[in-house]
Amino acid sequence: VQLQASGGGLVQAGGSLRLSCAASGSGFTINVMGWYRQAPGKERELVASITSGGSTNYADSVKGRFTISRDNAKNTVHLQMNSLKPEDTAVYYCNAGIVLVRTTWTTPYWGQGTQVTVSS
């Protein structure tokens, strides 16, 4: 199973970016999918997550500005980021809770990071 993230870049404050992440491979299902971020000198933090049923959870700092969505049929998760602020600058990582066939436990998988830079 591999996660491939895309969509990062440089944007001015107030702008928007859309991150996407696709899980590839076979013989698995996905529980929760989410996005984390890590700014220089800081710990990795949860930005947003979404269950297979569509229930979402957001960090307080992004509520009302970011929207997470997923396509279960395509094993993809997206993060629409609006009204970006310089403090949103970080490397963003997608995450998926993977359940392999003939197993019952969930293993976290990570995509490669994608840089988001918001200039003031």
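These notebook entries record what I looked up in a predicted model.

**Entry 1: the core.** I began with the largest nonpolar core and found that it has 30 residues. W35, V47, F66, I68, L79, M81 and Y92 are the residues with the most contacts inside it. I then listed the elements that give two or more residues to this core: β1 (2-6), β3 (17-24), β4 (28-38), β5 (45-50), β7 (66-71), β8 (76-81), β9 (90-100) and β11 (114-119). β9 supplies the largest share, five residues.

**Entry 2: L79.** I looked up the contacts of L79, leaving aside its neighbours within four places in sequence. The partners of L79 are L17, R18, L19, W35, V47, A48, F66, T67, I68 and Y92.

**Entry 3: strand β8.** I noted that five of the six residues of β8 are buried, so this strand is largely enclosed by the rest of the structure. I next traced its pairing. β3 and β8 are antiparallel and share six bridges, with R18 opposite Q80. β7 and β8 also run antiparallel, joined by six bridges, and here T67 stands opposite Q80. β7 and β8 form a hairpin with four residues between them. In the turn, I recorded a positive phi of about 55° for N75.

**Entry 4: the disulfide.** I searched for disulfides and counted one. C21 and C94 form it, with their sulfur atoms 2.1 Å apart. The pair links distant parts of the chain, as C21 lies in strand β3 and C94 in strand β9, 73 residues apart. I found both C21 and C94 to be buried.

Terms used:
Residues numbered from 1 in each chain as written. Predicted model: local features only at pLDDT ≥ 70, side-chain atom pairs only at ≥ 80, totals over all residues. Heavy atoms only, no water. Core = buried A, V, L, I, M, F, W, Y, C linked by side-chain atoms within 4.5 Å. Buried < 20%, exposed > 50% of the residue type's maximum accessible area, 1.4 Å probe, protein only. Contact = heavy atoms within 4.5 Å. Disulfide = S-S within 2.5 Å. Pairing = 2+ DSSP bridges.
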